[in-house]
Amino acid sequence: MKKQTLKENLLYQRKLKGFTQEELADKTTVGVRTIQRIEKGDVQPHLQTVKLLAVGLDIEVDDLIALDNPKEETIKRKWMLLIHGSPFFGLIIPFANVLFPLFIWISKAEDNKVYDAHGRAVINFHCTINLLIIVSLLLFFPFPGVNFFGTAAIALFGIIFSIKNLFSALSSGSYSYPFSIPFLKPVK
């Protein structure tokens, strides 16, 4: 969800009250040019200017200023790299493709909603991959020799989508894990 900025809030509140920039300037003793520059996003006004604008619009200062949640951590690339990159340990250690992201998700899920969503997606995808690999290995008994191709295809599918999502998460913050069984459902 996109966070509202001061310029968007000022423009919205001014239009909501039906003021032109000149009328708001007369009510608040803030210059018309300053209001124009704030609404364009060219300047970051002083708190006193924001207070004058809030009084002129007859609203609270909090309605203009978008405050950050102090409990919410900013998104860091290193955690995105760990969340999406740690499943590659599963190539060395069995089930590490689920366990390492699970530990990272448990420690970082409360810090930010983005870490929570990415962690759930990674864990769901790799649990699904592990389940499919186990099923394909069990198919060895009824279909000996044929399951090799199925197991290799599942492993290759998991590696390709893990690499794709690692780069996608680092560059744009998005991910797409198809065919995942939602073992960990998102919290409402």
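Visitor: Which residues of H6 are buried?

Guide: This is a predicted model, in which local features need pLDDT of at least 70, side-chain atom pairs count only at pLDDT 80 or more, and totals for chains, interfaces and linings use all residues. Residues are numbered from 1 along each chain as its sequence is written, and side-chain values use heavy atoms, with hydrogens and water left out. Buried means under 20% relative accessible area, exposed over 50%, and partly exposed in between (1.4 Å probe, protein chains only). In H6 the buried residues are Ala96, Asn97, Val98, Pro101, Ile104, Trp105 and Lys108.

Visitor: How is the span of helix H6 read?

Guide: Helices are DSSP runs of H or I with at least four residues, strands are runs of E with at least two, and both are numbered from the N terminus. The expected span of a helix is 1.5 Å times one less than its number of residues. Helix H6 covers residues 96-108, 13 residues, and its first and last C-alpha atoms are 18 Å apart, close to the 18 Å expected.

Visitor: What covers the buried residues of H6?

Guide: Contact means heavy atoms within 4.5 Å. The cover of H6 includes helix H5 (77-85) and helix H7 (113-138). In H5 itself, Met80, Ile83, His84 and Gly85 are buried, and their cover includes H6, H7 and H8. Leaving aside neighbours within four places in sequence, Gly85 is in contact with Met80 and Leu166.

Visitor: How many aromatic pairs does the structure hold?

Guide: A pair of aromatic rings is described by the distance of the centres and the angle of the planes. Rings of Phe, Tyr and Trp (its six-membered ring) pair if their centres lie within 6.5 Å; planes under 30 degrees apart count as stacked, over 60 as edge-to-face and the rest as tilted. The structure holds 8 aromatic pairs. In one of them, Phe125 and Tyr177 have ring centres 4.8 Å apart and planes at 35 degrees, so the pair is tilted. That pair links distant parts of the chain, 52 residues apart: Phe125 lies in helix H7 and Tyr177 in the segment after helix H8 (147-171). Both Phe125 and Tyr177 are buried. Phe157 and Phe179 also form a tilted pair, 6.0 Å centre to centre with 45 degrees between the planes.

Visitor: Is Phe179 buried or exposed?

Guide: Phe179 counts as exposed, at 70% relative accessibility. Ring pairs link Phe125, Phe157, Phe161, Tyr175, Tyr177 and Phe179 into a cluster.

Visitor: Which residues make the nonpolar surface patch?

Guide: Patches are made of residues with over 30% relative accessible area and no salt bridge; like charges are joined within 9 Å, and nonpolar side chains (Val, Leu, Ile, Met, Phe, Trp, Tyr) within 5 Å. A salt bridge is a side-chain nitrogen of Lys or Arg within 4 Å of a carboxyl oxygen of Asp or Glu. Here Phe95, Leu99, Phe103, Ile106, Ile134, Leu138, Phe140 and Phe141 make a nonpolar patch of about 860 Å². H6 gives the most to the patch, with 3 residues.

Visitor: What is the phi of Phe95?

Guide: Most residues other than glycine have a negative phi. Phe95 has a positive phi of about 65 degrees although it is not a glycine. Phe95 is in the loop between H5 and H6 and is partly exposed, at 48%.

Terms used
Accessible areas come from the Shrake-Rupley method with a 1.4 Å probe; for residues, only the protein chains shown count as cover.
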